[in-house]
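Here is a protein to look at. Each label below is tested against its rule.

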Amino acid sequence: MTAKKWAYEDFAEGASLDLGSKLVTAEEIIEFASEFDAQPMHLDEAAGKASILGGLAASGWHTCAIFMRMICDAFLIDSTSQGSPGIDEVKWRAPVLANDTLTGKCTVLSKRLSKSRPSVGLVTIRTELFNQRGEPVFELRNSVMFLTREAA
């Protein structure tokens, strides 16, 4: 783990990290929904258009999975992450529709060393995803446990 780029010390309060972008296709919306959230608006374009969502829409849980992939690719895989004690808040602010391109960013809200495990620090982040029009579609706040560089 010593070769990992991101350790607890590398996160600064107020800093933002770019998560890149992701095109959400109709095929992946239907594939995810078929297995995990088989509601009509996630499986069929006509049903999505007839709903308040306005089109074939990704499940909120699919959006969470997209967020997770984006954060892994941006920095989490190259970190000393020890997981998360949970999610404080998740908001699906607008539908994610087929052919939307999502961009994202994480903002470090706070950080502290664990009292019971001083080799572990907790970093609280807010993640936001936006569609191609810059409209917020997703927001999540949680803490992630990272080893300190010395512990790694």
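**Reading the labels**

Thr124 sits in strand 4, which spans residues 120–130. The model is predicted.

Q: What makes the link between the side chains of Thr124 and Ser143 a polar contact?
A: The distance is 2.8 Å. The cut-off for such a pair of N or O atoms is 3.5 Å. The value falls within 3.5 Å, so the link between Thr124 and Ser143 qualifies.

Q: Which residue is the bridge partner of Thr124 in strand 5?
A: The partner is Ser143. Beyond four places in sequence, Thr124 also has contacts that include Thr107, Leu109 and Arg141.

Q: How do you know that strand 4 and strand 5 pair?
A: Count the bridges. Eleven join strand 4 to strand 5. Pairing needs at least two, so these strands pair. They run antiparallel.

Q: What is found in the hairpin of strand 4 and strand 5?
A: Five residues lie between the strands. In this hairpin Gly134 has a positive phi near 80°.

Q: Why is strand 5 described as largely enclosed?
A: Of its twelve residues, nine are buried, so the rest of the structure largely encloses strand 5.

Q: What other strand is joined to strand 5, and by how many bridges?
A: Strand 2 is joined to strand 5 by six bridges, in the antiparallel sense. Here Trp92 stands opposite Phe138 of strand 5.

Q: What is the order of the strands in the open sheet?
A: The five strands are ordered 1-3-4-5-2, with antiparallel pairing. From one strand to the next, the twist averages 20°.

Q: What makes strand 1 and strand 2 edge strands?
A: Each pairs on one side only. Strand 1 covers 16–23 and strand 2 covers 86–92.

Q: How do you know that strand 1 and strand 3 pair?
A: Seven bridges link them, antiparallel. At least two are required, so the test is passed. Leu23 has Thr101 of strand 3 as its bridge partner.

Q: Which helix lies across strand 1, strand 2, strand 3, strand 4 and strand 5?
A: Helix 4, residues 60–74, lies across them. Helix 4 runs at about 125° to strand 1.

Q: Why do Phe32 and Phe36 count as an aromatic pair, and why is it tilted?
A: There are seven aromatic pairs in the structure. In the pair of Phe32 and Phe36, the ring centres are 5.0 Å apart, with 45° between the planes. Centres must lie within 6.5 Å, so Phe32 and Phe36 pair. Stacked means under 30 degrees and edge-to-face means over 60.

Q: What separates Phe32 and Phe36 along helix 1?
A: They are four residues apart in helix 1, so about one helical turn separates them.

How values were computed: Residues numbered from 1 in each chain as written. Predicted model: local features only at pLDDT ≥ 70, side-chain atom pairs only at ≥ 80, totals over all residues. Heavy atoms only, no water. Phe/Tyr/Trp six-rings, centres within 6.5 Å; stacked < 30°, edge-to-face > 60°. Polar contact = N/O pair within 3.5 Å; in protein donor to acceptor, adjacent residues only side chain to side chain. Contact = heavy atoms within 4.5 Å. Axes fitted to C-alpha atoms, helices over the stretch in contact; angles between N-to-C directions. Buried < 20%, exposed > 50% of the residue type's maximum accessible area, 1.4 Å probe, protein only.
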